[in-house]
Amino acid sequence: MPSGPDTTTSRETDGAGQDGAAAPGAAPVAETGTTPAAPRRPGRLRRLAGGARRHWRAGVAAAVAGLALALSFPPFDLWPLSVLAVAAFSLLTHGRTGRQGAWLGLAFGWPFFLLLLSWLRVIGWDVTVGLAFVESLFLVAMGAGLARTSRLPLWPLWTACLWVAQEWARDRIPFGGFPWGRLAFANTGTPFTPLAALGGAPLVTFAVALSGALLAWAALRLLAAGRRAAEAPEPALRAQLPALGAVGLAAAVAAVGYAVPVPTDADDTVSVAVVQGNVQQPGMDFLGRPMLILNNHVDATLELAADIDAGRVEQPDLVIWPENASDLDPYQSSEARAAIERAVQAVGVPILVGALVDHPTEEGYVENQGIVWDPETGPGDSYTKQHPVPFGEYVPFREQLSTFISRLERVPRDFYPGDHTGVLDVGPARLGDVICFEVAYDGIIRDTVNDGARALVVQTNNATYGNTGQPEQQLAMSRLRAVEHGRAIVTAATSGISAVVAPDGRIEQRTEEFTRDVLTTELPLRDGRTVADRIGAAPEWILAGAGLAAWALVLVRTRLERKGRRG
């Protein structure tokens, strides 16, 4: 298979120049009759810096590819760039050493995450740069793996598997993982999307990466054919046939999604009203004075009740409020409880209320809950967010870190995680509640559907990140989840974007950011499960395992070859 550009020799990798001279920093050879001292290898950082200087053009190309990948995600939505970015990165790492692939992984990954996560600038650019760097380390490892496996037969297949492995790792570590930026989340309304119903987000990522790697293989074959034609001309079509076949196969991988049935037929329906009460300002200090956010949602619900009484709107079966709609614990604050009761009595149907609640037994902890509030029986079943956001809703190693990071004082109390899924009976509907960032985690959504949720609700509070692109990125995840699980999804946000997503991933209704609004809809309820629900995480483990096994095979083979040469 043709090598990638600028492939270095083993001598360069070890730090020596091409003429065999000692590398900078090596010990001088003594001019005596004794045996010269062996040159000292430069340190790891110096070797990495030397490699970056030698391959700066490839590094710039990798950075451009990383930025292109970020543009494939919302709010830009240039999804074909996700395929082309994978193709470009595959070309850049092909035929290189593992160390060179790692460097290119950093050059690709850091700019990608910087642009993708730029909404974190609301907290601070240092946070954006730091988290982007941590996440890019996974692409450093993947870049090394792509370089090493690029010499194997069927290397586009191993490339796609290693993309899945990289996302598998980011989904879990550290602190429960941060799966933002998965290739699947850039393809929530594309030909690849229906594959989610078969194998979830990992299968979508695999297909996107495989298409990109096949395009890279085609480009390499075309380059090789051009070199051969210059030396010994042959019919152009014959020389280009393998490359054309690879391009056709890449297109077929994308088109196969159209053959996947996406179940959408409703077994039943329920009428729902989604209340977006709005906040007074975006940013870290969106809450304002106590009761302000709660009163906004109460007032919007009272307006809905007035429209119902006037016959302008039919009474829904239930009402959904967003995450943190009550900024005070309604179990502790009589004022908050009275306000919620006023809204529930006025509309006359149950409301799913998002509220922050003091933990009943763990002093100092708070729970992020969705509470079913009935007009006759009051507060009933509730769901507690299972996956609080590290450094946003709780602080790992708080005692140690707080001594030199004063910003952590903005998280005065740690959120306590829930221990069960959010399947709740809200009026006549059995809904699955997930809260905010939990929509990014495969297992939480899958478990909720498998436990009996007939539709999904995403309660979220994106006021901190308003007008930054983050709400669009999160809504895209809801679109993928709808197809993956064959469930309608309602996103209820304090400040936007609230939306109704059909089981086929179409956005049927949505609000604008920082407006008060109420959405009403007939929500389809479904009992059937998709293939993805039934087989669970098996595709992800199989694909990730295959990629890691291919990489391990290369490492073992290389070690055996070195031993053979020394022997």
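Student: By class, how many nonpolar, polar and charged residues does the lining of the largest cavity have?

Tutor: In this predicted model, the lining of the largest cavity has 3 nonpolar, 3 polar and 4 charged residues.

Student: How many cavities of 30 Å³ or more does a search of the whole structure find, and what volume has the largest cavity?

Tutor: The search finds 2 cavities of 30 Å³ or more, and the volume of the largest cavity comes to about 60 Å³, while the second largest cavity holds about 30 Å³ of space.

Student: Which helices each supply at least two residues of the lining of the largest cavity?

Tutor: They are helix H8 (196-231) and helix H13 (442-450), and H8 gives the largest share of that lining, with 3 residues. Read by domain, the lining of the largest cavity takes at least three residues from domain 1 (55-262 + 540-565) and at least three from domain 2 (268-384 + 420-529).

Student: Why does the second largest cavity lie between domain 1 and domain 2?

Tutor: The second largest cavity lies between them because domain 1 (55-262 + 540-565) and domain 2 (268-384 + 420-529) both give residues to its lining.

Methods:
Residues numbered from 1 in each chain as written. Predicted model: local features only at pLDDT ≥ 70, side-chain atom pairs only at ≥ 80, totals over all residues. Heavy atoms only, no water. 1 Å grid on protein atoms, 1.4 Å probe; cavity = no way out; pocket = protein on both sides within 12 Å on 5 of 7 lines; lining within 4 Å. Points joined across faces, edges and corners; volume = space filled by probe spheres on them. Helix = DSSP H or I, 4+ residues; strand = E, 2+ residues; numbered from the N terminus. Nonpolar A, V, L, I, M, F, W, Y, C, P; charged D, E, K, R; others polar. Domains from an automatic or database assignment.
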